[in-house]
Amino acid sequence: MKYSALACLLAMGLACAASAQPTAATPAQPAASHPAAVLPQWAQDKLAAAKADPKLQEQAYRQGAKLATFCANCHGPSGQSVRPDVPNLAGQNTIYVLNQLNKFHDGRRKGAFFMEGLVKAMSNEERFAVAVYYTNQEAPAARPSGDAKLAAQGKAVYENGCRKCHGESGAGSEKNSRLAGQQPNYLETAIRRYRDNDVRTDEKMFKYTKGLTDAEIKALVAYIGALR
């Protein structure tokens, strides 16, 4: 495979962790019902082609496994984060993750400097491959808080503001992230940022989080931790 902009970053000295060697691509996730709402045409075309031809799906998966060595230091080789402040990618919807990568690529989403630089250097094909690989890994297990009373308080918050978009079990969709099994520290930080309209800006998320207290956010995260 010829050198890409992403490979050039490695040559410049970026340290990367080794990813696990894949044996075969796991089954593709269901296609989005309305992918045009969140993805550009090139991405829709790649998704459609991979769905129609398992060999293309396998090819993307294997390419993504190689590229994941750039991401493994934070997101882990199998998409389960090795850092409490970094989100799990395993089990997320492929379309959702690809959409987020596209946002990092064109500057619509901000984050850690290293993350922004890495994704900006990725080609369309590379972003697609990474999304296919990570989202076809086994979803992380539930992370119960151990505080049943706090989780019960959080359930009321979740039912009122989160369930409609993220699903009853927190599985997410092509438009919304999977919350079940997510890193608690990352979740709490992300919710606070949406509430404060700081770094993470989204009109709908701001609407549902702007009235939350810190205590309610902690309760919400405790409830989400038990979802699977």
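**Helix Packing, Rings and Salt Bridges**

Modeller: In helix 5, Thr94, Val97, Leu98, Leu101, Asn102 and His105 meet Arg127, Phe128, Val130, Ala131, Val132 and Thr135 of helix 7. This is a predicted model.

Colleague: Is the crossing of helix 5 and helix 7 left-handed or right-handed?

Modeller: Helix 5 makes a right-handed crossing as it passes helix 7.

Colleague: How many aromatic pairs does a search of the whole structure find?

Modeller: The search finds three aromatic pairs. In the pair of tyrosine 133 and tyrosine 134, the ring centres are 5.4 Å apart and the planes stand at 50 degrees.

Colleague: Why are the rings of tyrosine 133 and tyrosine 134 called a tilted pair?

Modeller: Ring centres must lie within 6.5 Å to pair, and 5.4 Å meets that limit. Stacked planes are under 30 degrees apart and edge-to-face planes over 60, so planes at 50 degrees are tilted. Both tyrosine 133 and tyrosine 134 are buried. Ring pairs also join Tyr61 with Tyr133 and Tyr134 in a cluster.

Colleague: Why does histidine 75 count as buried?

Modeller: Histidine 75 has a relative accessible area of 10%, and the limit for buried is under 20%, so histidine 75 qualifies. Histidine 75 lies in helix 4 (residues 72–75). Leaving aside residues up to four places away in sequence, histidine 75 touches Gln80, Ser81, Val82, Val86, Pro87, Leu89, Met115 and Tyr134.

Colleague: What makes glutamate 188 and lysine 218 a salt bridge?

Modeller: Their closest N and O atoms are 3.0 Å apart, and the cut-off is within 4 Å, so the pair counts as a salt bridge. Glutamate 188 belongs to helix 10 (residues 184–196) and lysine 218 to helix 12 (residues 214–224), so the bridge ties together parts 30 residues apart in sequence. The whole structure holds nine salt bridges according to the search.

Colleague: Why is glutamate 188 classed as buried, and why is lysine 218 classed as partly exposed?

Modeller: Glutamate 188 has 15% relative accessibility, which is under 20%, so glutamate 188 is buried. Lysine 218 has 42%, which lies between the 20% and 50% limits, so lysine 218 is partly exposed.

Colleague: Which residue forms a salt bridge with aspartate 214?

Modeller: Aspartate 214 meets arginine 192 at 3.0 Å, N to O. This pair also links distant parts of the chain, with aspartate 214 in helix 12 and arginine 192 in helix 10, 22 residues apart. Aspartate 214 is partly exposed at 35% relative accessibility, and arginine 192 is partly exposed at 23%.

How values were computed
Residues are numbered from 1 along each chain as its sequence is written. This is a predicted model: local features need pLDDT of at least 70, side-chain atom pairs count only at pLDDT 80 or more; totals for chains, interfaces and linings use all residues. Side-chain values use heavy atoms; hydrogens and water are left out. A salt bridge is a side-chain nitrogen of Lys or Arg within 4 Å of a carboxyl oxygen of Asp or Glu. Helices (H or I, at least four residues) and strands (E, at least two) are DSSP runs, numbered from the N terminus. Buried means under 20% relative accessible area, exposed over 50%, partly exposed in between (1.4 Å probe, protein chains only). Rings of Phe, Tyr and Trp (its six-membered ring) pair if their centres lie within 6.5 Å; planes under 30 degrees apart count as stacked, over 60 as edge-to-face and the rest as tilted. Contact means heavy atoms within 4.5 Å. A crossing is left-handed if the near helix is turned anticlockwise from the far one by less than a right angle, and right-handed if clockwise.
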